Amino acid sequence: RDRRDHRGDSLSVAAVMLARDEADIIEVVANHLLFHVDEVIVADNRSTDGTREILERLPITLQDDPEIAYWQDRKTTAMAMEALDRGHQWVVPCDADEVWHCGDPDQRISDMLGSLGPDVIRVRAAMFDHYPTADDDAEVPCPIRRFGFRKRVASSQKTAGRLTTGMHIQMGNHDIDYPGPALGIQRLNIRHFAWRSEEQAVRKVRNGIEAYNAAVGIGAEFGVGWRQWEGRPDEAIIDWFHQWGWSEHP
């Protein structure tokens, strides 16, 4: 969607995101968010594939995140607190491979959140995984526009939340902890484009291993899916991608 000025007197909402090596998708994701929320805050984590250069030309708030370690909860929560300090009332903690939207595709996320009563603290988002297939048009460069298939059933859910002191965004951005009761409702959807090509899959796995290994003291329950690939060749990752992240006969 094209970005338009919808801010006016509506509720102020910020999206916060960590990004590393997402050049094939980041521009479309960021521009989509710029339509839906009032500020997009992105922390670039040592990108080397052109992601940083793309972000620099977009009307977002760009930050540097030179720390390799994958302390996603701490970093994202800190960004949310910055959004609170700047006067935002809601936060959408998203990843660079996600497209968030309302059930009504013509409704802005900011407008939907602004319509909720003060008792609603969390808004859940059902996440649907999209996959590359042999039927995709190879002439279309952006995966969001190229992929024609997704899983029928949501794989998980994530959460947008009201900004308040004491809140804590969990690892994976899947939920938000609050110091008191927090009523939640289901009003959002996410299109998830985690696996997009052989090259992207290898880079994503290698970056994940590096980030989790650098997070000294992180719980063993985090990063299991990444660490299983340590010491294994790229060819094994590519084989996994063709078995689970791509479909010849969708």
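Among the residues of helix α3, the buried ones are Q72, D73, K75, T76, T77, M79, A80 and A83. By buried I mean under 20% relative accessible area, with exposed over 50% and partly exposed in between, using a 1.4 Å probe and protein chains only. Helices are DSSP runs of H or I with at least four residues, strands are runs of E with at least two, and both are numbered from the N terminus.

Before I continue, a word on the source. This is a predicted model, in which local features need pLDDT of at least 70 and side-chain atom pairs count only at pLDDT 80 or more, while totals for chains, interfaces and linings use all residues. Residues are numbered from 1 along each chain as its sequence is written, and side-chain values use heavy atoms, with hydrogens and water left out.

To return to α3, its buried residues pack against β1, β2, β3 (61-64), β4 and β9 (168-169). The helix covers residues 72-85, and its 14 residues should span 20 Å at 1.5 Å a residue; the end C-alpha atoms are 20 Å apart, which agrees. The expected span here is 1.5 Å times one less than the number of residues. After α3 comes G87, with a positive phi near 100°.

Next, strand β4. In this strand, residues 90-93, W90 and V92 point one way while V91 and P93 point the other way, and all are buried. In a regular strand the side chains alternate between the two faces of the sheet. Strands are taken to pair if DSSP finds at least two bridges between them. Which strands pair with β4? Strand β1 (residues 13-19) runs parallel to β4 and is joined to it by four bridges, and strand β8 (residues 156-162) runs antiparallel to it, with two bridges.

I turn to the nonpolar cores. Such a core is a set of buried Ala, Val, Leu, Ile, Met, Phe, Trp, Tyr and Cys residues joined through side-chain atoms within 4.5 Å. The largest has 37 residues, and those with the most contacts inside it are M17, V92, W100, L113, V123 and L188. Helix α1 gives the most to this core, with five residues. A second, separate core has 16 residues, including A14, V16, A43 and Y178. In soluble globular proteins, nonpolar side chains tend to be buried together.

Leaving aside neighbours within four places in sequence, V123 is in contact with W90, M112, L113, L116, K158, T159, A160, I185, R187 and L188. Contact means heavy atoms within 4.5 Å.

Now the charged pairs. A salt bridge is a side-chain nitrogen of Lys or Arg within 4 Å of a carboxyl oxygen of Asp or Glu, and by this rule the count comes to 19. One of them joins the side chains of R196 and E22, at 2.6 Å from N to O. R196 lies in the loop between β11 (183-192) and α6 (198-214), and E22 in the loop between β1 and α1, so the pair ties together parts that are 174 residues apart in sequence. R196 is buried at 3% relative accessibility, and E22 is buried at 10%.

K158 forms a salt bridge with E98, with the closest N and O atoms 2.7 Å apart. Since K158 belongs to strand β8 and E98 to strand β5 (residues 98-102), this pair ties together parts 60 residues apart in sequence. Buried or exposed? Both K158 and E98 are buried.

A further bridge has D175 and R124 meeting at 2.8 Å, N to O. D175 lies in the loop between β9 and β10 (176-177) and R124 in strand β6 (residues 120-131), so parts 51 residues apart in sequence are tied together. D175 counts as buried at 18% relative accessibility, and R124 is buried with a relative accessible area of 18%.

I end with backbone angles. Most residues other than glycine have a negative phi, and most peptide bonds are trans. D21, however, has a positive phi near 55°. D21 sits in the loop between β1 and α1 (26-36) and is buried, with a relative accessible area of 6%. R46 also has a positive phi, of about 65°, although it is not a glycine. R46 is placed in the loop between β2 (39-44) and α2 (51-56), and counts as partly exposed at 39% relative accessibility.
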